[in-house]
Amino acid sequence: MVLEIIILLFGIFAVSRSYLRYRERLLTLPLVIFWVSFWVLIVCAVFFKDWTSSISSFFGIGRGADFFLFAAILLLSYLCFRLYVKLEATRQDLTKLVRAISINEKRMHLDENIVRLNSAKPDISEEKF
Amino acid sequence: MAESIGQSTMSGNYPYPMERVQPFDETVKLYVVVPAYNEESVIASVIDDLTTVVSPQHIVVIDDGSSDSTVVAAERAGAIVLRHCINRGQGAAIATGIEFALALGAAIIVTFDADGQHRATDIVDLVKPIINGSADVVLGNRFLQYKPEGIRKDRYLILKLGAIFTWFVSGIRVSDCQNGLRALSWRAAQAIQIKQDRMAHASEILDEIAREKLRYVEVPVKVVYTEHSLRKGQRTSSAFSIAARFLFSRLIH
């Protein structure tokens, strides 16, 4: 029963975190629904063991817990992968932004100098060049 | 402040003696891209050395979010200085420099490390294959003719392993896969897309050469490992994370 209570408490904790992140607008509504139902499912699976065993036997896996462990590892690996891809995309976007800022800054500076040069010496004759 | 910069540039950090040659004047559209991160002590002498070969208006320094006064030192030395407002890594800095040089109308772009390990006069031989049209990309190679001074055994071994790794992954046979001194033709510079912000860009450039079927050649260059460049440079152990990063990026792109 100890395990069930720990998982229940952790589930409540995770659900409350998801809700708080939603209130801070770091999570969108579909994502909150996904995470909340994910944790509700986990907690249910711990409390109703026969229910999980029937699913696992359907997939041909011996014990109920094994099935969930298997599914959890699969899901986590996939989420990790997605996270990495997202992070990489963000990193590249950030670099593009930094690059654009630096180039624009220099361009504006160079343009300003050209304007200043032109206004400072308006009488430069062309044959000089 | 000004004095300290002036003094440090004159200190023994920079290994190459100056000799005025300047074979490339304003009319040659050769631009040198120098990515710099916290290099205030040597950047001025690196630019001085470069001005023996190209004019200062053709030196594009990208300050990669340095916390010291690299920008001031580089601007005082007369180079064009671009500033990354946050540190994005050497690969990102080189890509910025290449983009800006192309916008200025560059025909040949040379990348050159800011820590003083390269010799500006090597650029003359480096760009020859591009000028006579026999190559699109010229890669500096520290092992071909000169023996790298002050190289440690483990560094040598890791560079050799890196060469085998590159051969295996990209199908390009070079014996020095992490050299910062290289020359790109205008066409090659446009074709090569550097997405790796950090040190894996060197492998990425080789990969892009293979993908775009660019003609490349290796030219001997001298590399001197000064105390400064060793301190600033990569740790030997980071080679594996660079390789891993490069392989993973290949998986997801």
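Trainee: Which residues have the most contacts inside the largest nonpolar core?

Mentor: Good place to start, and bear in mind that this is a predicted model. A nonpolar core here is a set of buried Ala, Val, Leu, Ile, Met, Phe, Trp, Tyr and Cys residues joined through C-beta atoms within 7 Å. Buried means that 20 or more other C-beta atoms, placed from the backbone, lie within 10 Å of the residue's own. The largest such core has 72 residues, and those with the most contacts inside it are B:Val33, B:Val60, B:Val61 and B:Val110.

Trainee: Which element gives the most to this core?

Mentor: Elements are DSSP runs numbered from the N terminus: helices are H or I with at least four residues, strands are E with at least two. With seven residues, the top contributor is helix 4 of chain B.

Trainee: Leaving aside neighbours within four places in sequence, what is B:Val33 in contact with?

Mentor: Contact requires C-beta atoms, placed from the backbone, within 7 Å. Once neighbours within four places are set aside, the partners of B:Val33 include B:Ile94, B:Gly97, B:Ile98, B:Ala101, B:Val110 and B:Val60.

Trainee: How many residues of helix 2 of chain B are buried?

Mentor: This helix covers residues 43-50 and is mostly covered. Among its buried residues are B:Ile43, B:Val46, B:Asp49 and B:Leu50. The count is seven of eight.

Trainee: Which element gives the largest share of the side of chain B that touches chain A?

Mentor: The contact takes 14 residues from chain B and 12 residues from chain A. On the chain B side, two elements give two or more residues, strand 3 (80-84) and helix 4 (90-103). The largest share, five residues, comes from helix 4 of chain B.

Trainee: What fraction of chain A is buried?

Mentor: Chain A has four helices and zero strands, in the order α-α-α-α. Of its 129 residues, the buried part is 6%.

Trainee: Where in chain B is the pLDDT below 50?

Mentor: pLDDT is the predictor's confidence in each residue, from 0 to 100. Chain B averages 83, and 85% of the residues score at least 70. Where pLDDT is low, the predicted coordinates should not be read in detail. The stretch below 50 is residues 1-12.

Trainee: What ipTM does the predictor give the complex?

Mentor: Some bookkeeping: residues are numbered from 1 along each chain as written, and chains are lettered from A and ligands numbered from 1 in written order. Local features need pLDDT of at least 70 and side-chain atom pairs count only at pLDDT 80 or more, while totals for chains, interfaces and linings use all residues. Alongside a pTM of 0.73, the ipTM is 0.78.

Note on methods. Contact = placed C-beta atoms within 7 Å. Buried ≥ 20, exposed ≤ 12 C-beta atoms within 10 Å, placed from the backbone.
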